[in-house]
Amino acid sequence: MTAAAGKGLEGVVASQTSLSFIDGLKGVLVYRGYNIHELAPNASFIEGVFLLWNGRLPTRPELDAFEARLAGLRALDPRTLDGLRTLPGDAVPMSALRTGISLEGMHDPDAEDNSAEANRRKAERLVARTPTMIAAIHRIRQGKEPLAPDPALSLSADFVRMANGEPGTEEAVEALDRTLLLYLDHGFNASTFACRVIAATLGDMHSAVTGGVGALKGSLHGGANARAMQTLLEIGSLDNVGPWLEKAFAEKRKIMGFGHRVYRTEDPRATHLREMSRVLTNQAGLGEFYEMSRELEDQMIARKGINPNVDFYCATVYYALGIPIDLYTPLFAMGRMGGWTAHVMEQHGDNRLIRPRAEYVGEMDLAWAPIEDR
Ligand SMILES: CC(C)(COP(=O)(O)OP(=O)(O)OC[C@H]1O[C@@H](n2cnc3c(N)ncnc32)[C@H](O)[C@@H]1OP(=O)(O)O)[C@@H](O)C(=O)NCCC(=O)NCCS
């Protein structure tokens, strides 16, 4: 009998990738050879997607052409919009997104084609349309008509316009775009691994990323950014951080936005998001939420040695931008869509079924009893 790997597959290196690298002890994250600290202040989200899909940074004409092509693909299939209109008005946006992505797959002209060319076309449509879909879900639930995309705007600027009905400031759009870049890829995280497991059965791209959305929704993964904001709202004031934490520890609650399976030190994405949170919350007159966050971080590190992860400071960034809390995780999906699609293409490019074994710990050798004798 082979012994099982550690619970939750901790420490298991499941396969190879050339997309992103994480050193959890040193707090390093690299996309295709570029440290996240190089990329975060410089690259746009779409530039990051180009890097991930092509293995190199684009030239100016290449980036312009790539942006223009994706901008031309933003409109959802009208039948997808019809489908979104039939969802319950109180549907959780992540569930609506899961259904919407699946619906797009029903109508995609390349749906059942797993060739490299078809996968690239589908990946482009998915990255281009996820913002349109999230904005449509948000407007439909408010009883408003979804807005058509404006290909003259950048992906992030168009998302803000389609969601709010009016353009965002340059600074808000830039901040949103940076969060998408920071969310783009992260090794074999749970949702990406789910995508790869589905892709490895030779499941299609839309099936794989629909599974990814489902995995991301959980509060131990992408759902944590919304929960982190709810935590801060529950704490309510700087003075209450200590007493609140005391009670949370006594109740053995997990503090959302803290801890990570791989990082044992600062999550390098949090470094950028912390500074963005400081600037944006102060500008929005919400500085107390930053102060509370810092206090919570200090106390978590001092008392438990647990650092904030990507989701913790992203929460207050999105709060300062005025984004509804239940759209935080869909925005994570909007960024990670670039990574999920890259992983599906990498998996299909050199495929082998992913099928681990289980260590059976149940009973054996029981004798059959007729139903009337049980
Ligand atoms: C991310 C996460 C699931 C990683 O989990 P993991 O690798 O399985 O780590 P464990 O849950 O085994 O945690 C190890 C120890 O740290 C504690 N811990 C980890 N994260 C914690 C948190 N957020 N709050 C309080 N304690 C935490 C655990 O209780 C455990 O303590 P114990 O050994 O005394 O039982 C976990 O840190 C977590 O639940 N965080 C909150 C959700 C979150 O922010 N998710 C987004 C991740 S990017």
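## Basis of the report

The model is predicted, so local features need pLDDT of at least 70 and side-chain atom pairs count only at pLDDT 80 or more, whereas totals for chains, interfaces and linings use all residues. Residues are numbered from 1 along each chain as its sequence is written, and side-chain values use heavy atoms, with hydrogens and water left out.

## Residues with positive phi

Most residues other than glycine have a negative phi. Lys252, which is not a glycine, has a positive phi of about 55°. Lys252 lies in the loop between helix H12 (241-250) and helix H13 (268-283); helices here are DSSP runs (H or I, at least four residues) and strands likewise (E, at least two), numbered from the N terminus. With 74% relative accessibility, Lys252 is classed as exposed because its value is over 50%.

Leu9 is not a glycine either, and its phi is positive at about 60°. Leu9 belongs to the segment before strand E1 (20-23) and is partly exposed, at 47% relative accessibility.

## Ligand surroundings

The ligand has 17 residues around it, of which Ile255, Gly257, Phe258, Arg261 and Asn309 come nearest; a residue is counted as near if one of its heavy atoms lies within 4 Å. The shell divides into seven nonpolar, six polar and four charged residues. In this division, Ala, Val, Leu, Ile, Met, Phe, Trp, Tyr, Cys and Pro count as nonpolar, Asp, Glu, Lys and Arg as charged, and the others, Gly among them, as polar.

Polar backbone atoms of the protein face nitrogen and oxygen atoms of the ligand. A ligand nitrogen is 2.7 Å from such an atom of Ile255, and a ligand nitrogen is 2.9 Å from one of Leu220. An oxygen atom of the ligand is 2.8 Å from a polar backbone atom of Gly257. Taken alone, the ligand exposes 860 Å², and the protein buries 63% of that, with areas from the Shrake-Rupley method and a 1.4 Å probe.

## Aromatic residues

The whole structure holds nine aromatic pairs, defined for rings of Phe, Tyr and Trp (its six-membered ring) whose centres lie within 6.5 Å. Phe312 and Tyr313 form an edge-to-face pair, 4.9 Å centre to centre with 75° between the planes; edge-to-face requires planes over 60 degrees apart, while those under 30 count as stacked and the rest as tilted. Phe312 is buried at 0% relative accessibility, and Tyr313 is buried at 0%. Phe258, Tyr290, Phe312 and Tyr313 form one aromatic cluster.

Note on methods: Polar contact = N/O pair within 3.5 Å; in protein donor to acceptor, adjacent residues only side chain to side chain. Buried < 20%, exposed > 50% of the residue type's maximum accessible area, 1.4 Å probe, protein only.
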